[in-house]
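Thanks, everyone. I have a few minutes on one structure, so please look at the screen.

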Amino acid sequence: MSTFTSAININKPINEIYNYLADFNNHQKLMPDSIQEWVSTTDEASFSIPNMAKLSLKIDSRVINQEIVIKPAAKPPFALELKWSLSPNNDQTDIVFTINAELSMMLKMLASGPLQKLADHETQSLKGILA
């Protein structure tokens with residue numbers, strides 16, 4: 001399993017950040033501009049990554065003000081889990097976004113850079129929107 005993480009701190013209360021992330025409709029704003037065909041509900045989203053794959057994801061579990069776990073809703077090209085972990089830090093919130101992907105050696109060489117960029121892009125977008 002390959003793990004890609006990105007951590008940030010936002011000067012907002014944890015419940016505000018949790019409520020934003022708990023609704024999959026908000027996640028389109030966190031994605032890179034290259035994502036196409038985005039369709040979402042509160043609990044699920046599907047989209048395509050040009051020249052790569054079409055993905056359908058669902059929020060698998062929510063722990064209020066702590067964690068949101070996202071898993072594939074349909075069979076992905078590789079095993080995948082995304083997790084937002086939140087923890088209070090005085091009046092601020094520490095956020096860690098983790099992508100766990102089961103990648104073959106060849107896929108790891110191709111996908112590691114883009115997956116790390118995706119993790120960083122999502123956290124920076126979240127900070128830009130909520131800060």
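Which residue in β4 does Ala45 stand opposite? Before the answer, note that this is a predicted model. The residue opposite Ala45 is Leu57 in β4.

Now the strands around that pair. Strand β3 covers residues 44-49, and strand β4 covers residues 53-63. β3 and β4 pair antiparallel, over six bridges. Their hairpin has three residues between the strands, and Asn51 there takes a positive phi near 65°.

On to the pairing of β3 with strand β2, residues 36-40. These two also run antiparallel, joined by three bridges. The hairpin from β2 to β3 passes through three residues.

Ser48 is the bridge partner of Gln36. Is Ser48 buried or exposed? Its relative accessible area is 9%, so Ser48 is buried, the cut-off for buried being under 20%. Leaving aside neighbours within four places in sequence, Ser48 is in contact with Ser34, Ile35, Gln36, Glu37, Ala53 and Lys54.

Last, the helices. Helix α1 is residues 14-21 and helix α2 is residues 105-130. They pack at an angle of about 120°, and their axes are 12 Å apart. Because of that angle, α1 is oblique to α2. The crossing of α1 and α2 is right-handed. From α1, the contact is made by Ile17, Tyr20 and Leu21; from α2, by Leu126, Ile129 and Leu130. By class, that contact of α1 with α2 has six nonpolar residues, no polar and no charged ones.

That is what I had.

Notes: Residues are numbered from 1 along each chain as its sequence is written. This is a predicted model: local features need pLDDT of at least 70, side-chain atom pairs count only at pLDDT 80 or more; totals for chains, interfaces and linings use all residues. Side-chain values use heavy atoms; hydrogens and water are left out. Helices (H or I, at least four residues) and strands (E, at least two) are DSSP runs, numbered from the N terminus. Buried means under 20% relative accessible area, exposed over 50%, partly exposed in between (1.4 Å probe, protein chains only). Contact means heavy atoms within 4.5 Å. Two strands pair if DSSP finds at least two bridges between them. Axes are lines fitted to C-alpha atoms, for helices over the stretch in contact, and angles run from 0 to 180 degrees between N-to-C directions. Angles under 35 degrees count as roughly parallel, over 145 as roughly antiparallel, 65 to 115 as roughly perpendicular and the rest as oblique. A crossing is left-handed if the near helix is turned anticlockwise from the far one by less than a right angle, and right-handed if clockwise. Ala, Val, Leu, Ile, Met, Phe, Trp, Tyr, Cys and Pro count as nonpolar, Asp, Glu, Lys and Arg as charged, and the others, Gly among them, as polar.
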